[in-house]
Amino acid sequence: MYRNGEYVSFEDYKRDRREPTDNEQKMLLEEVGGLCPIKGCGVSLVNEKNGKHYKEYDIAHIFPQSPTDMEKIILADVEVDGECSESLDNKILLCHNCHTTYDKGKTEASYQQMLELKRRLANELKAKKAISKETIEEDITKAIDALVSIDENELEKAGRLEYKALEVAKKVTEDSVLRIEIEDRVSRYLAYWSF
């Protein structure tokens with residue numbers, strides 16, 4: 001198996017089983033949005049009963065923590081994520097049924113699908129967290145509010161408004177910090193919405 005393009009043995013990757021802390025479990029729960037991430041499942045992983053919340057999930061190892069001899073053969077040439085089998089990069093929250101199904105019928109294809117699912121979920125969460133720090137929607141709202149409050153005399157002085165899309169470089173022609181900032185923010189904003 002390989003980690004970051006370099007061979008790693010089962011023995012070097014395997015660590016003793018460790019239960020993730022409450023905070024780590026919250027991070028894993030946030031990553032899957034509180035629902036089993038397996039396509040077609042979507043079961044809630046936390047349920048409420050009588051005002052108390054109960055965990056309805058298993059913490060699944062993507063690469064098995066204790067691979068069988070057959071799994072060692074099937075998964076011998078796959079890529080693994082995380083420093084070891086107990087890394088959060090190698091764990092994903094699943095409902096009990098999906099976890100059982102994944103563990104009992106593991107193939108190289110099902111492993112690759114789970115690894116890609118984990119990577120996609122992790123990237124989406126990073127993107128959501130990054131975009132939540134952006135204020136572009138607030139800035140657009142401020143710009144619209146400012147346009148709405150312009151009186152007709154000022155609007156006539158400004159000339160005819162056009163709705164033709166232009167590149168930022170054509171709108172802000174001089175090399176300026178403003179242009180660089182606009183290009184950067186627009187690029188980062190659009191990158192997160194083009195999954």
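**Charged pairs**

Me: Is Glu24 buried or exposed?
Reply: Glu24 is buried, because its relative accessible area is 18% (buried is under 20%, exposed over 50%, partly exposed in between; 1.4 Å probe, protein chains only). This is a predicted model, in which local features need pLDDT of at least 70 and side-chain atom pairs pLDDT 80 or more, while totals for chains, interfaces and linings use all residues. Residues are numbered from 1 along each chain as its sequence is written, and side-chain values use heavy atoms, without hydrogens and water.

Me: Which side chain meets Glu24 in a salt bridge?
Reply: Arg18 does, with 3.1 Å from N to O (a salt bridge is a side-chain nitrogen of Lys or Arg within 4 Å of a carboxyl oxygen of Asp or Glu). Arg18 counts as partly exposed, because its relative accessibility is 36%.

Me: And what does Lys129 pair with?
Reply: Lys129 forms a salt bridge with Glu30, and their closest N and O atoms are 3.6 Å apart. This pair links distant parts of the chain: Lys129 belongs to helix H5 and Glu30 to helix H2 (residues 22-31), 99 residues apart. (Helices, H or I with at least four residues, and strands, E with at least two, are DSSP runs numbered from the N terminus.) Lys129 is partly exposed because its relative accessible area is 40%, and Glu30 is partly exposed because its value is 42%.

Me: How many salt bridges does a search of the whole structure find?
Reply: The search finds 10 salt bridges. One of them joins the side chains of Arg119 and Glu116 at 3.2 Å, N to O. Both residues lie in helix H5, three residues apart, about one turn of the helix. Arg119 counts as partly exposed because its relative accessibility is 24%; Glu116 does so because its relative accessibility is 44%.

Me: Which residues are linked with Glu116 and Arg119 in a network?
Reply: Glu79 and Asp81 are linked with Glu116 and Arg119 in a network of salt bridges.

Me: Changing topic, how many aromatic pairs are there?
Reply: A search of the whole structure finds four aromatic pairs (Phe, Tyr or Trp rings, six-membered for Trp, with centres within 6.5 Å; planes under 30 degrees apart are stacked, over 60 edge-to-face, the rest tilted). Tyr2 and Tyr7 have ring centres 6.0 Å apart and planes at 75°, so this pair is edge-to-face. Tyr2 counts as partly exposed because its relative accessibility is 34%, whereas Tyr7 is exposed because its relative accessible area is 58%.

Me: What about Phe63 and Tyr111?
Reply: Phe63 and Tyr111 form an edge-to-face pair, 5.9 Å centre to centre with 90° between the planes. This pair also links distant parts of the chain: Phe63 is in the loop between strand S5 (58-61) and helix H3 (69-74), and Tyr111 is in helix H5 (residues 108-132), 48 residues apart.

Me: Are those two buried or exposed?
Reply: Phe63 and Tyr111 are both buried.

Me: Lastly, the overall picture: how many helices and strands?
Reply: The chain has nine helices and six strands. Its C-alpha trace spans about 80 × 50 × 30 Å along the principal axes. Of the 195 residues, 32% count as buried.
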